[in-house]
There are 2 protein chains.
Amino acid sequence: MLTGPHGPSCGAFRLQPAAAGVDARLQIRSPQQTYHPSLPHPITNTQSVIMPTMKAVAFTPGPVSGLHIIEHERPTATGRDILVRIKAISVNPVDTKCRQGKFPADPVLGWDAAGIVAECGPEVTRWKVGDEVMYAGALGRQGTNAQFSVVDERIVGRKPKNWDWADAASLPLVGLTAWELLIDHFNLSLDKPNPGTLLIINGAGGVGTAAAQLASRVLKIPRVISTASRPETIAWCKQNGATDTIDHHKPLDTQLKELGVENVEYNAVLYGPTPGYVEQLIKTAAPRGKIGSIVESDDPIPLADAFSKALSFSWVFMLSRPMYNHDLEFQGEALDKMATLAEEGVLTSFATEKYKFTIENLRKIHQLLESGKAIGKQVLVLEDDDITEA
Amino acid sequence: MLTGPHGPSCGAFRLQPAAAGVDARLQIRSPQQTYHPSLPHPITNTQSVIMPTMKAVAFTPGPVSGLHIIEHERPTATGRDILVRIKAISVNPVDTKCRQGKFPADPVLGWDAAGIVAECGPEVTRWKVGDEVMYAGALGRQGTNAQFSVVDERIVGRKPKNWDWADAASLPLVGLTAWELLIDHFNLSLDKPNPGTLLIINGAGGVGTAAAQLASRVLKIPRVISTASRPETIAWCKQNGATDTIDHHKPLDTQLKELGVENVEYNAVLYGPTPGYVEQLIKTAAPRGKIGSIVESDDPIPLADAFSKALSFSWVFMLSRPMYNHDLEFQGEALDKMATLAEEGVLTSFATEKYKFTIENLRKIHQLLESGKAIGKQVLVLEDDDITEA
């Protein structure tokens with residue numbers, strides 16, 4: 001397990017030890033190590049002079065009050081990295097887990113941004129200064145809660161032309177998670193019809209929103225059943241492509257039966273605990289059905305009853321590719337495809353709330369995500385390229 | 001869990017409760033239920049008159065001495081079933097598990113046969129009387145340890161023309177298991193190259209033999225590493241397509257490292273315990289790698305450390321399709337494709353031992369399989385269409 005700046009990971013989120021082939025950037029510095037960056041030089045992009053320092057939001061592990069603005073050296077783009085002037089960001093559950101100290105992260109959180117390319121590393125081929133982009137980024141690097149961040153060009157996609165910065169920032173992490181869930185793990189096809197039923201546990205969250213849209217509008221799965229229990233979450237699920245909703249507070253099998261669904265080919269666990277949901281989903285899974293979960297668990301997975309149906313279980317973790325520096329192009333290409341789908345009106349924004357990027361608003365969104373009641377995506381916009389206290 | 005003729009399943013092999021949509025044939029009769037078959041009529045095929053009764057081998061749960069010849073009503077073909085005059089059979093670990101009473105089965109065991117179609121049900125379209133076929137069959141039906149058995153035509157393939165009965169009987173169950181492992185679960189392509197590495201735990205067994213041949217000769221996986229520890233098993237693995245062997249009695253990760261293999265895309269667990277091997281394989285699995293196991297386990301699967309790599313785990317169970325009456329055509333088509341590959345010399349016989357079908361030889365093969373030392377497949381031939389004591 002990695003030891004981060006705030007001590008060893010203590011929660012459910014377990015990282016693999018860094019091994020040969022793993023991106024060296026994962027070797028997060030401990031606080032004891034002195035950090036002497038070569039001072040960045042001021043550079044010019046199409047908009048303005050970029051100063052050698054910038055504002056960013058750091059955290060101290062614990063409650064949301066630990067989120068605070070710092071002056072931070074502006075990173076520089078080397079190798080295949082691009083430097084992006086950030087226009088908007090969104091917040092994901094991974095941010096709150098890092099803030100709680102559940103697993104190690106750079107002191108600057110944030111895994112979603114839309115912005116403008118400000119500088120290109122010498123090996124960059126996909127982008128040029130001034131391009132409008134969106135990306136989720138990587139664990140173990142400075143996050144997007146800042147005025148600038150650097151990111152490997154291969155995991156960056158272009159911003160949909162007809163989406164504003166906030167809408168674009170709502171897409172990458174949940175869009176890529178849903179894409180990898182459905183296309184990588186469930187092996188659904190972009191080129192031909194995909195018969196069957198998809199069941200989404202927690203349909204109204206960010207990944208649930210993206211998965212329902214992709215499943216119904218892009219992959220044309222005829223039946224997309226999302227779990228939701230409140231009128232507003234039910235409405236949001238249906239608006240985003242769910243053909244039916246059921247209540248995750250009640251037994252799933254009887255509700256599926258009432259819908260006339262005998263078995264479910266594709267089962268997405270987007271809310272934990274994973275072992276408990278797996279036990280339920282095995283009962284209604286179709287023979288050779290698939291279960292994918294984004295909710296990490298230290299507990300083993302109870303799969304004994306899945307044998308006779310020859311079921312599969314997959315962990316879905318969008319940050320895995322950048323973590324292992326593995327098949328990075330897949331993510332840039334997927335984001336570009338989703339940008340096209342957004343421009344065609346097939347995908348619609350996942351954002352439900354857009355605010356000015358202030359510490360106060362960031363704290364509120366962390367709290368909303370921790371409540372488990374968030375619907376869609378919450379986005380923060382850097383007005384005048386700035387991050388402020390309130 | 002099903003209750004079979006010998007009481008409830010008590011072992012590791014756990015069956016799903018019969019549910020709507022599950023083949024009704026799985027509702028195995030309890031000994032208390034009276035059984036009044038309509039007496040079969042004598043019929044004629046191209047070879048001989050078929051009598052209304054036949055010889056079969058029944059078992060009483062326990063040691064191999066419980067295997068004994070009985071006079072059994074000859075089944076008749078109805079619906080999409082064909083009646084097959086059996087020429088050769090092979091034995092699989094599932095036979096020994098049933099015999100030990102670990103899970104319910106018809107009193108006549110056996111899930112591999114090659115033979116001649118003797119009668120066709122009224123809805124049969126794929127076969128005619130006199131066709132030479134091979135099949136694995138289904139749980140919950142009379143098995144192939146008999147002079148005749150009936151089988152759904154959709155899970156039957158044609159016998160390779162240039163293979164004898166014994167060689168043909170060596171193929172279906174392990175061939176289909178390897179086929180479903182590699183093509184269904186690992187999603188490898190028959191039409192384009194499949195880069196990467198396949199690691200086979202227990203390369204010399206029946207499924208390991210079939211998997212190595214398919215992986216190296218058909219799917220063109222460049223590196224196929226089988227575990228084997230004895231000179232004869234190492235030789236057999238290499239003869240069947242393994243590019244390397246390692247010893248499953250020693251830590252796998254260090255041996256893979258010595259071979260220069262940093263990570264493994266495809267991991268096949270063909271020998272238990274599954275949880276223990278999964279823990280080892282996670283360490284060396286490639287990001288988004290796949291683990292498939294044919295070894296059922298009541299214990300949950302320790303997948304916590306698989307999260308950051310976004311790994312998948314699949315149960316592979318060839319008898320699942322017939323059990324759930326689901327996508328049966330897949331198996332008949334796969335067997336036909338393997339017959340063509342056999343005729344082209346791409347696949348070679350999995351049989352290592354061929355004997356006359358006597359009770360004595362059947363008992364010896366059960367014991368060999370239970371020892372865990374079997375290499376390839378053991379086949380029994382019905383000389384003069386007969387089963388004898390010795």
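1. A residue counts as buried under 20% relative accessible area, as exposed over 50%, and as partly exposed in between, with a 1.4 Å probe and protein chains only. By that rule Lys128(A), at 55% relative accessibility, is exposed, whereas Asp131(A), at 15%, is buried. The two form a salt bridge, with their closest N and O atoms 3.0 Å apart; the term stands for a side-chain nitrogen of Lys or Arg within 4 Å of a carboxyl oxygen of Asp or Glu.

2. The model is a predicted one, in which local features need pLDDT of at least 70 and side-chain atom pairs count only at pLDDT 80 or more, while totals for chains, interfaces and linings use all residues. Residues are numbered from 1 along each chain as its sequence is written, chains are lettered from A and ligands numbered from 1 in the order in which they are written, and side-chain values use heavy atoms, with hydrogens and water left out.

3. The contact between the chains (heavy atoms within 4.5 Å) takes 43 residues from chain A and 43 residues from chain B. Across this interface there are 4 salt bridges, and one salt bridge joins Arg288(B) to Asp327(A), with the closest N and O atoms 3.2 Å apart. On the side of chain A that touches chain B, at least two residues each come from helix H3 (172-185), strand E16 (285-293), strand E17 (312-315) and helix H8 (320-324) of chain A; helices (H or I, at least four residues) and strands (E, at least two) are DSSP runs, numbered from the N terminus.

4. Strand E17 of chain A is joined by 3 bridges to strand E17 (residues 312-315) of chain B, and the two run antiparallel; strands pair if DSSP finds at least two bridges between them. In this arrangement Phe313(A) stands opposite Phe313(B).

5. Within chain A, a salt bridge links Asp385(A) and Lys87(A), the closest N and O atoms being 2.7 Å apart. Asp385(A) lies in the segment after strand E19 (377-381) and Lys87(A) in strand E7 (residues 81-90), so the pair ties together parts that are 298 residues apart in sequence. Both Asp385(A) and Lys87(A) are buried.

6. In chain B, Arg321(B) and Glu180(B) meet in a salt bridge (2.9 Å, N to O). Because Arg321(B) lies in helix H8 (residues 320-324) and Glu180(B) in helix H3 (residues 172-185), the pair ties together parts that are 141 residues apart in sequence. Both Arg321(B) and Glu180(B) are buried.
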